[in-house]
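Hi there,

Here is the structure I promised to pass on.

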Amino acid sequence: MGLKIFLIVILALVVIFLVAVGYGGFRWEDGTRELRARLDAARVPLHPQVVDFRELDNLPPPVKRFFRKVLKDGQPMVAGARVRHSGTFNMGETTDRWKSFTSSQQVITQRPGFDWDGRVSLMPGFQVRVHDAYVAGEGILHAALFGLFSMVKLRGTGDVAKGELMRFFAEAAWYPTALLPSQGVRWDAVDDHCARATLTEGSIALTMLFTFNPQGLIDTVRAEARGRTVGGAVIPTPWQGRVWNYEERGGMQVPLDAEVAWLLPEGAKPYWCGHITKIDYEFER
């Protein structure tokens, strides 16, 4: 009799777990559709609609080389992108706890915005869903176990928005027409391998350092300070994204691999390593 009751209890717990997972997934997907509808609603038309190399004339030499390497004169501007990734994410603040993830991302280039929808596997059967997004001037970071129990929930138009816009800017090697001067980016010379780029979006102005490899392609993008969450506090910390493995996609040269790291006094602390498994573009017509 005792064994029968034990098995019934176990079965009930399994059913409750499966219902919670299913309900959490349904709620999360519903929220994703709503978030991406807001992203689409914030679109504005791109001007010009095609790449014109005449706007490269006054750019710093490494920036000019980059655009001529990855773009073609007269090609249509990127209006949006849908990206799928796989990789690993470091869940530890002070120690390394790398967990595998898969994700989908939707990007809109004007006005700048994106939603990264990630699934981080803690252990078999236990998954954290993550939205990392910048939508209509608002930054969003929401992580929830099973998509149901919130672990982190941040959103706002201040520091959170600034940090998310940095991500959009740093990832622009995936949609390189967004880095052209006509799209609101100002480039300032540093040397033959580096240049500073400034993007202004609403009340937020960002300046980041872009370095280029010997082939003329973007190698790293660095910010002097981005908000890093440690023990519940947000600490401005130097931050860097690194990209490599360029291949042709959509008629452009784009990197398929990336690593993101905090630059701490004791050295770089990577926390995101990903590979693009698929990328589809929407071009302005």
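Below is what turned up, starting with the core and moving on to the aromatic rings.

Please keep in mind that this is a predicted model. Its largest nonpolar core has 67 residues, and those with the most contacts inside it are Phe67, Phe169, Leu179, Trp187, Met208, Phe210 and Ile218. Strand β12 (residues 252–264) supplies the largest share of this core, with seven residues. Apart from it lies another core, of six residues, including Leu35, Leu39, Val135 and Ile140.

Leaving aside residues up to four places away in sequence, Phe67 touches Phe53, Leu56, Leu59, Pro176, Leu179, Leu180 and Trp187. Because its relative accessibility is 0%, under the 20% cut-off, Phe67 counts as buried. Trp187, at 8%, therefore counts as buried too.

Now the rings: a search of the whole structure gives 13 aromatic pairs. One of them joins Phe67 and Trp187 edge-to-face, at 6.5 Å centre to centre with 85° between the planes. This pair links distant parts of the chain, with Phe67 in helix α2 (residues 61–70) and Trp187 in strand β7 (residues 185–191), 120 residues apart. Phe168 and Tyr175 make a tilted pair, 5.2 Å centre to centre and 40° between the planes, and both residues are buried. Phe66, Phe67, Phe169, Trp187, Phe210 and Phe212 form one aromatic cluster.

Two arginines also sit over rings: Arg226 lies over the face of Trp239, 4.5 Å from the ring centre, while the charged end of Arg242 is over the ring of Trp244, 4.2 Å from its centre.

Best wishes

Key. Residues are numbered from 1 along each chain as its sequence is written. This is a predicted model: local features need pLDDT of at least 70, side-chain atom pairs count only at pLDDT 80 or more; totals for chains, interfaces and linings use all residues. Side-chain values use heavy atoms; hydrogens and water are left out. A nonpolar core is a set of buried Ala, Val, Leu, Ile, Met, Phe, Trp, Tyr and Cys residues joined through side-chain atoms within 4.5 Å. Buried means under 20% relative accessible area, exposed over 50%, partly exposed in between (1.4 Å probe, protein chains only). Helices (H or I, at least four residues) and strands (E, at least two) are DSSP runs, numbered from the N terminus. Contact means heavy atoms within 4.5 Å. Rings of Phe, Tyr and Trp (its six-membered ring) pair if their centres lie within 6.5 Å; planes under 30 degrees apart count as stacked, over 60 as edge-to-face and the rest as tilted. A charge sits over a ring if NZ of Lys or CZ of Arg is within 6 Å of the ring centre and within 35 degrees of the ring normal.
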